[in-house]
Every structure is written in C-alpha cells, then in structure tokens.
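Q: Hey, can you walk me through this one? I'd like to start with what sits inside.

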Amino acid sequence: MTTVAVTGASGFCGSYVARAAFAQGAEVRCVGRRPGPVGRHLRWDAASGEVPDLGGADVVVHCAAAVGDPAAGSAAEAAMRAVNVTGTARLLEAAEGRPVVWVSSASVYAPGPGRARIREEHPVGAQLNAYGRTKAAGEALALAAGAVVLRPRAVYGVGDPHLVPRLLARVRRGLLLLPGRDVQLSLTAVENLADACLAAADGGWPPGAYNIADPVPYRRDEAVRTVLAAHGVHARVGHLPVPLARTAGAAAEHLWRLRPGTEPPLTRYAVDQLAHSVVLDVTRARRRGWTAPRTLADYARAVASVVESRPSVRPARRRRGRGNR
C-alpha cells in the first residue's frame, strides 16, 4: 500500500483511517468536501454527481457517507441516497479497477430477532430506516464491482459526533430508558474499523462482505453505564416494554414528518437495534489474519484522559470594595 485515497477523511471514521494509513507510512489522499487530518486534499462532494479525482491512488477506502435517521420520503432521505448510493456509483467509476474497501454498516441486516450470532450470509433487507436502505443499496453496487465491504456496528470512539451524543441527550433527570430487558450487543471501536480497513486494503482480502466488531460482545446496560460514566454522567438505566417503545417510535416518526429537516427522538429502528441481541460473527475477517485490539474499556480510559487534560476553570473570586455588599 503506497498511496491510499480515503473518502470522507474529514469525518469521524475517515479521519481515523487517514491517520492510521499515514502512521503506517502510506501517502494519503483525503477525498471530500473538506481537508482531512493528514496528506493531500482532493475536493469532492459525494452528492454533486461529480466523479472524484483519486490522485493516482493505489487503493481506495470509501468512508464518505450521509448518516442519520430522516423521515421516509423526506428531502433528507433523498439527500442521503444521493451520497450513499449515487455517490458510491461515482466513486466506483473513478476507481477504475483499483482495489476498493467500502465501509458499510450492520444496519443492512434484516431486523427482528434471530441475530444472536450474525454471519455475513444473514438476510439483507427490510431495513427500518433510510440509512439502512441506502447503505444496502450502496454496498450492493460495491459488491457487484468486486469491492471488499466491511460491516461494523455502532461505531464509537473519541470524537464520535453521532452515537454517544445521542445517548447522552436521552438522559432525563438521572434516568435513561432503554427498550426491553438487557441483551448482548456488538459494538465497533473506530480504531478497530480503521485497522480492518487498512488490513483489507494492504492484505488483499478477497472481495465480499466482512463483519467488523470488537473482540467480544457487551451486555447492553453495562456498556451504556460505562459510556455515561466516562463522560461524567451517572444515570440509572430503566427498561421500557418493547411494544410500548415500538409504538412510541412509530408515532414519533409520523409526527416528525411534519417537521422537515429534523429527526425524531425515537424511531422503530432505534428500538430494534437496542431491544434485540445483535452480535456479529467476525470469523471471516479473523481468517484473513485480522484481530480487534480495542475495547470499550480503552475508550473509557481515553475519554477520561481527555477530560483530565482539560484545564480546570475556577469561578472568579468576588472582590470586595465599593458597591459590593
């Protein structure tokens, strides 16, 4: 791997991939609307319909994606499709036979029970939100073009602008309500995803889909408490009956269709992802020699070190003098 093009390198996952590639001695081309953290910037808006300039890269890691949970049929869903599907088609056109590692998502898997041990052959379809639908459509194009497709789940890490902020925002008066009883869930540290991207790119993984996750699954409630505590939030975890949570999610989706440009606070997709065991089998990636080095405990320590490194600000002492009583 001499020169690697990373799309979406100014984003969360892409920035980790770009830095990891640079640390391994590769020349990095950061392809996107904004410059990445390292290497040379090649401007490309995935939603524009333009074919990107890949700057003579030997391999391409496609991280650019629109994320979120927009209402079905909304303008936001159309914009998401423009990036995740049409943008993928343009990227594959530009790759011109170069190896491509395409970052997908475990959201493509069909919802519901029966996901206690998901292999890559698990049905793909019936996604509950626009993100899952567009990622499934995009990865179908990538697989047809002979790309390596990685399917992480719930990617987290320092600097995460999506998953953890949403979790923290759901705490109300020291209580966080989760749908159903405690279950096992796979999570994917962003460092593990970046490592898998480069291992696939440099190691010549055969085309196809690969699950990517942390070494072992987590108990949902304990994982949530770990994340909250790392951010200094000590909340009690409560359990909401799944049927009630699902009904509330469907109602919120319906109401939020009347509020263009916003996302509902609860969706059927979120309930599905939290209420059922979703554990990824990563045997296929392990057979290529990949192992996940990072865990949620590493994340908690990293967040704690960031918090401790911040300078403490003490309130200014009130000075006594005229006018002060």
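A: Buried means under 20% relative accessible area, exposed means over 50%, and partly exposed is in between, using a 1.4 Å probe and protein chains only. This is a predicted model, so local features need pLDDT of at least 70 and side-chain atom pairs count only at pLDDT 80 or more, while totals for chains, interfaces and linings use all residues. Residues are numbered from 1 along each chain as its sequence is written, and side-chain values use heavy atoms, with hydrogens and water left out.

Q: Ok, how many residues does the largest nonpolar core have?
A: The largest core has 35 residues. Val-4, Val-17, Val-28, Val-101, Leu-150, Cys-197 and Trp-205 are the ones with the most contacts inside it.

Q: And which elements give two or more residues to this core?
A: They are strand 1 (3–7), helix 1, strand 2 (27–32), strand 4 (59–62), strand 5 (100–103), strand 6 (148–152), helix 5 and strand 11 (208–212). Helix 5 gives the most, with 8 residues. By the way, helices (H or I, at least four residues) and strands (E, at least two) are DSSP runs, numbered from the N terminus.

Q: What is Leu-150 in contact with?
A: Contact means heavy atoms within 4.5 Å. Leaving aside neighbours within four places in sequence, Leu-150 has contacts that include Val-101, Trp-102, Leu-193, Cys-197, Trp-205 and Ile-212.

Q: How many residues are in the other core?
A: That core, which lies apart from the largest one, has 22 residues, among them Ala-5, Val-31, Val-83 and Leu-92.

Q: Switching to helices: at what angle do helix 1 and helix 5 cross?
A: Helix 1 (residues 12–23) and helix 5 (residues 190–203) cross at roughly 55 degrees, and their axes come within 9 Å. That makes helix 1 oblique to helix 5. The axes are lines fitted to C-alpha atoms, for helices over the stretch in contact, and angles run from 0 to 180 degrees between N-to-C directions. Under 35 degrees counts as roughly parallel, over 145 as roughly antiparallel, 65 to 115 as roughly perpendicular, and the rest as oblique.

Q: Which residues meet there?
A: On the helix 1 side they include Phe-12, Tyr-16 and Val-17, and on the helix 5 side they include Val-190, Leu-193 and Cys-197. By class, this contact has 11 nonpolar, no polar and 1 charged residues. For these classes, Ala, Val, Leu, Ile, Met, Phe, Trp, Tyr, Cys and Pro count as nonpolar, Asp, Glu, Lys and Arg as charged, and the others, Gly among them, as polar.

Q: Ok, and how do helix 2 and helix 3 pack?
A: Helix 2 (residues 75–95) and helix 3 (residues 130–144) pack at about 10 degrees, with axes 9 Å apart. They are therefore roughly parallel to each other. Among the residues that meet, Met-80, Arg-81 and Leu-92 are in helix 2, while Tyr-131, Lys-135 and Leu-141 are in helix 3. The contact divides into 9 nonpolar, 4 polar and 4 charged residues.

Q: What about helix 7 and helix 8, at what angle do they cross?
A: The axes of helix 7 (residues 242–256) and helix 8 cross at roughly 155 degrees and come within 8 Å. That makes helix 7 roughly antiparallel to helix 8. This contact has 6 nonpolar, 1 polar and 3 charged residues.

Q: Is Ala-275 buried or exposed?
A: Ala-275 is buried, with a relative accessible area of 11%. Ala-275 lies in helix 8 (residues 268–275). Not counting residues up to four places away in sequence, Ala-275 touches Pro-179, Val-183, Arg-220 and Val-242.

Q: Which residues are buried in helix 6?
A: They are Arg-220, Asp-221, Ala-223, Val-224, Val-227, Leu-228 and Ala-230. Ala-229, also placed in helix 6 (residues 220–230), counts as partly exposed at 36% relative accessibility.

Q: Last topic, backbone angles: what is phi of Ala-126?
A: Phi of Ala-126 is near 55 degrees, a positive value in a residue other than glycine. Most residues other than glycine have a negative phi. Ala-126 sits in the loop between strand 5 and helix 3 and counts as exposed at 58% relative accessibility.

Q: And what phi does Ala-154 have?
A: Ala-154 has a positive phi of about 50 degrees, although it is not a glycine. Ala-154 is in the loop between strand 6 and strand 7 (155–156), and is partly exposed at 26% relative accessible area.

Key. Core = buried A, V, L, I, M, F, W, Y, C linked by side-chain atoms within 4.5 Å.
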